[in-house]
Amino acid sequence: MKERPLILVSNDDGYQAKGINCLVGVLREFGDVVVVAPHTGRSGKGCAITSETPIKVTEVKREPGLTVYSCTGTPSDCVKIACHAYVPRRPDLIVGGINHGDNSAVNAHYSGTMGVVIEGCMKGIPSVAFSLCSHDADADFTPTYDIIRKVVAQVLEKGLPKGSCLNVNFPVSPSFAGVKVCRQATGTWVNEWEAHDHPRGGKWWWLTGEFEVQDNDPSADRVALNNNYVTITPTTIDFTDYRLLADMQEWKF
């Protein structure tokens, strides 16, 4: 009998978050699932790794087809340690999410959920991130399930090119205008810090901010999300700017 696919799941909201547990419920239809996720929220950690302190992994659930571990490390740590010690074989797929919050545009660079799939991608394993544009701890993820099933089925069947992963974002809506394969939108954070007086003198700063979309192209992910489309952004781990690389061949050194 052919083995069921093995799917490794992690996130940056913690193993108890509603998003990851909803995702696991969908993924169990496709294969055996191993969850190694942070023991608490690790949002905004990107591809950060833990190098100066040890991490601890604790089994919290085991049943046929599903094992869940909590990890004191970052999302990237979770994938690293899972592949090193906690999966029975090389995963067929790595999935991050479902994130509580938008990971479109440049937010993908900060995202611990994207850190999960970038780590998987660097290991040569097909990897997909799913995010819902809501930070509500009790958000309704059910409208995302059908698209998740379709994406997962196709990635398991077709795989992904070496060095590429997928960043999938869902608008908050009971139904969607459709699905668009998009490029990453241009945008930036402004008014990022809020100052308060420290009781012992000086200032302390709270990270806040507003995201400004500097794009009106309907093929850009954040623009499409604002128009109620699910966006799928193919993402590469190769940071090389090939246009500039070509231009720089003419530079004199």
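Reader: Let's start with helix pairs. How do the axes of helix 2 and helix 4 cross, and at roughly what angle?

Author: Happy to begin there. Angles under 35 degrees count as roughly parallel. In this predicted model, the axes of helix 2 and helix 4 come within 7 Å and cross at roughly 30°, which makes helix 2 roughly parallel to helix 4. The crossing of this pair is right-handed.

Reader: Which residues make the contact of helix 2 and helix 4?

Author: From helix 2, Pro 75, Ser 76, Val 79 and Lys 80 take part, and from helix 4, Gly 112, Gly 115, Val 116, Glu 119 and Gly 120. By type, the residues of this contact are three nonpolar, four polar and two charged.

Reader: And what is the angle between helix 1 and helix 5?

Author: The axes of helix 1 (residues 18-27) and helix 5 (residues 145-158) come within 10 Å and cross at roughly 55°. That makes helix 1 oblique to helix 5. The crossing of helix 1 and helix 5 is right-handed. Cys 22, Leu 23, Val 26 and Leu 27 of helix 1 meet Tyr 145, Ile 148, Arg 149 and Val 152 of helix 5. Here the residues divide into seven nonpolar, no polar and one charged.

Reader: What covers the buried residues of helix 2?

Author: The buried residues in helix 2 (residues 75-86) are Pro 75, Ser 76, Asp 77, Cys 78, Val 79 and Ala 82. Their cover includes strand 1, strand 2, strand 4, strand 5 and helix 4.

Reader: What should I look for at the two ends of helix 4?

Author: At the start, look for a side chain reaching to the backbone: a side-chain oxygen of Ser 111 comes within 3.0 Å of the backbone nitrogen of Thr 113. Past the other end, check phi: just after helix 4, Gly 124 takes a positive phi of about 80°.

Reader: Where else is phi positive?

Author: Two asparagines are worth a look. Asn 191 has a phi near 50°, positive in a residue other than glycine, and lies in the loop between strand 9 and strand 10. Asn 228 has a phi near 75°, again in a residue other than glycine, and lies in the loop between helix 6 and strand 13.

Reader: Are those two asparagines buried or exposed?

Author: Asn 191 is exposed, with a relative accessible area of 54%, whereas Asn 228 counts as partly exposed at 23%.

Reader: Last one: what does the side chain of Asn 103 make a polar contact with?

Author: Begin with its setting: Asn 103 is in the loop between strand 5 and helix 3, and is buried at 6% relative accessible area. Its side chain makes a polar contact with the side chain of Ser 131, at 3.0 Å. Beyond its neighbours within four places in sequence, Asn 103 is in contact with residues including Ala 108, Thr 113, Asn 167 and Asn 169.

Notes:
Residues numbered from 1 in each chain as written. Predicted model: local features only at pLDDT ≥ 70, side-chain atom pairs only at ≥ 80, totals over all residues. Heavy atoms only, no water. Axes fitted to C-alpha atoms, helices over the stretch in contact; angles between N-to-C directions. Helix = DSSP H or I, 4+ residues; strand = E, 2+ residues; numbered from the N terminus. Parallel < 35°, antiparallel > 145°, perpendicular 65-115°, else oblique. Left-handed = near helix turned anticlockwise from the far one by under 90°. Contact = heavy atoms within 4.5 Å. Nonpolar A, V, L, I, M, F, W, Y, C, P; charged D, E, K, R; others polar. Buried < 20%, exposed > 50% of the residue type's maximum accessible area, 1.4 Å probe, protein only. Polar contact = N/O pair within 3.5 Å; in protein donor to acceptor, adjacent residues only side chain to side chain.
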